[in-house]
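Visitor: I have a few "how do you know" questions about this one. Could you walk me through the reasoning?
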Amino acid sequence: MEVVGSTKIPAVSELVSKAKAAFVDKFGCEPQCAAYGPGRVNLIGEHTDYNEGFVFPMALPQVTVVVGKKSEGNVCRVLTLAESVDEPKYVEFPVPSAETPLKPGSPKWANYVKGVVANYIGSVVPFDAVVVSSVPLGGGVSSSASLEVATYTFLDALTNGGADVSKKDKALACQKAEHEYAGMPCGIMDQFISVMGQEGHALLIDCRSMEGKLVPMNDPNVVVLVTNSNVKHELTGSEYPTRKKQCEVAAKVMGKKSLREASMKDLEEFKEKLDDVMYRRARHVIGEIIRTEEAAKCLEQGDYTRFGKLMVESHNALRDDYEVSCPELDELVVAAMEAEGVFGSRMTGGGFGGCTVTLLKKEAVEKAIQHIQKRYSQTATFYVCPPAAGAAPLSLS
Ligand code: GLA
């Protein structure tokens, strides 16, 4: 759908053509296989995944594509076309073995690829590859998970492997790659949705049982607007593990395995034993888990008004109790909520910059974009995003 003021999202086939041409240019032959992994936007359920709670993301039409070919020798050679990568775009590393184990290092973007190669379930062969992506980098919409999952799916295509490995195990291998090679102790949401997303659906993931429930999201009169604040405060890296730790401590104080097991009643009972910060962190998580389960039901029933209210409650709790928002995200949410036809809006992803997600009437989207841009102190980028499909191999013919 063409929407004035929004950025056109390139088709996967366009990205493949670009990657193919770059591959021929760099490696002097045609690539043999290709795969993609999508970014994601989380509708609600933020900072709940590592607390064994619920999350409710959908896969985005913005994807990372990997094309490539088996190569001779023992070396993997990878080129990225990502424009904002302020580092060398080309890297070589050995196929991991006892003598040549892989290690994270520089350039940073390649750590996601290396991490997946190191954690791939099956044996990796040497390859040449080109990576291209339409997922905004550092935008809180999982550019890293999309690269991990695209790489994993590419390796499946390259080795004809993966048929006997569950989607869950593939997602967990990609999460491990991020933990070990990017040093980010993330939850499972991003990799799960990138692997398991389905067109026209959001996915309610129970991060305790690790089961997902697809919820149809295909009302032609309602759209999801992703707004990139185009700011990134350098806090996520340090603040994320701190939040995670605070949650673990709060759960422990309450005698629970995780905050998923705690209720608001438990929280009030233990209020005296928790310091103010820990109390507020736990209040966000416990409340957000409840909101997320309810929001999924609202979507099933087409109750967008209630869904939107829950989104705003989520944003406010992330801003005030969890303290992971920032003035730019707050501005975007306030502006969105002033526009006509908007049900709800909130920051999405880890926070401290990146994107907001807004649910609104389709007929209202152009005016809403105009209004948000007018009120926002910086320049935002807007994407109208239908729920897309999870990772898959691609045909190159
Ligand atoms: C990042 C992490 C996810 C999740 C979100 C916050 O995107 O990768 O696992 O914790 O932050 O909801």
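Visitor: What span does α3 reach from its first C-alpha to its last?

Guide: The end-to-end reach of α3 is 24 Å for 17 residues, close to the 24 Å expected at 1.5 Å a residue. Keep in mind that this is a predicted model.

Visitor: What makes you say that α3 is largely enclosed by the rest of the structure?

Guide: Buried means under 20% relative accessible area. In α3, 15 of the 17 residues are buried, so the helix counts as largely enclosed. Just after α3 comes N160, with a positive phi of about 55°.

Visitor: And α4, how do you know that its span agrees with what a helix should have?

Guide: Helix α4, residues 167-181, has 15 residues and should span 21 Å at 1.5 Å a residue. Its end C-alpha atoms are 21 Å apart, so the two agree. After α4 you meet G183, whose phi is positive too, near 65°.

Visitor: Which residues of α4 are buried, and what covers them?

Guide: The buried ones are K170, A171, A173, C174, Q175, A177, E178 and Y181. Their cover includes α2 (109-119), α3 (143-159) and α5 (189-196).

Visitor: Why is T48 called buried?

Guide: The cut-off is under 20% relative accessible area. T48 has 0%, so it is buried. You'll find T48 in the loop between β1 and β2. Leaving aside neighbours within four places in sequence, T48 is in contact with G53, F54, V55, V285, E288 and I289.

Visitor: How do you know that β2 is mostly covered?

Guide: Count the buried residues: 15 of the 17 in strand β2 (residues 54-70).

Visitor: What makes β1 and β2 a pair?

Guide: Two strands pair if there are at least two bridges between them. Ten bridges join β1 (residues 33-44) to β2, and the strands run antiparallel.

Visitor: Which sense does the pairing of β2 with β6 take, and over how many bridges?

Guide: β2 and β6 (residues 201-206) pair in the antiparallel sense over two bridges. With a cut-off of at least two, that is enough to call them paired. Here F54 has D206 of β6 as its bridge partner. β2 also pairs with β5 (residues 127-133), again antiparallel, over seven bridges, and K70 has F127 of β5 as its partner.

Visitor: Which residues touch the most other members of the largest nonpolar core?

Guide: Among the 54 residues of that core, they are L43, F56, M58, V224, V226, F307 and L359. The largest share, ten residues, comes from helix α8 (residues 276-301). Apart from this core lies another, of 45 residues, among them A82, V117, Y120 and A171.

Visitor: What is F56 in contact with, leaving aside its neighbours within four places in sequence?

Guide: Contact asks for heavy atoms within 4.5 Å. The residues in contact with F56 include L43, I44, L203, L204, V215, A295, A296, L299 and F307, along with N42 and T292.

Visitor: Which residues lie nearest the centre of the largest pocket?

Guide: Y112, G138, S143, S144 and K232, out of 50 lining residues. The space in this pocket is about 1300 Å³.

Visitor: What supplies the lining of the largest pocket?

Guide: α2, β5, α3, α4, α5 and α6 (236-253) each supply at least two residues. The largest share, four residues, comes from α6.

Notes
Residues numbered from 1 in each chain as written. Predicted model: local features only at pLDDT ≥ 70, side-chain atom pairs only at ≥ 80, totals over all residues. Heavy atoms only, no water. Expected span 1.5 Å × (residues − 1). Buried < 20%, exposed > 50% of the residue type's maximum accessible area, 1.4 Å probe, protein only. Core = buried A, V, L, I, M, F, W, Y, C linked by side-chain atoms within 4.5 Å. 1 Å grid on protein atoms, 1.4 Å probe; cavity = no way out; pocket = protein on both sides within 12 Å on 5 of 7 lines; lining within 4 Å. Points joined across faces, edges and corners; volume = space filled by probe spheres on them.
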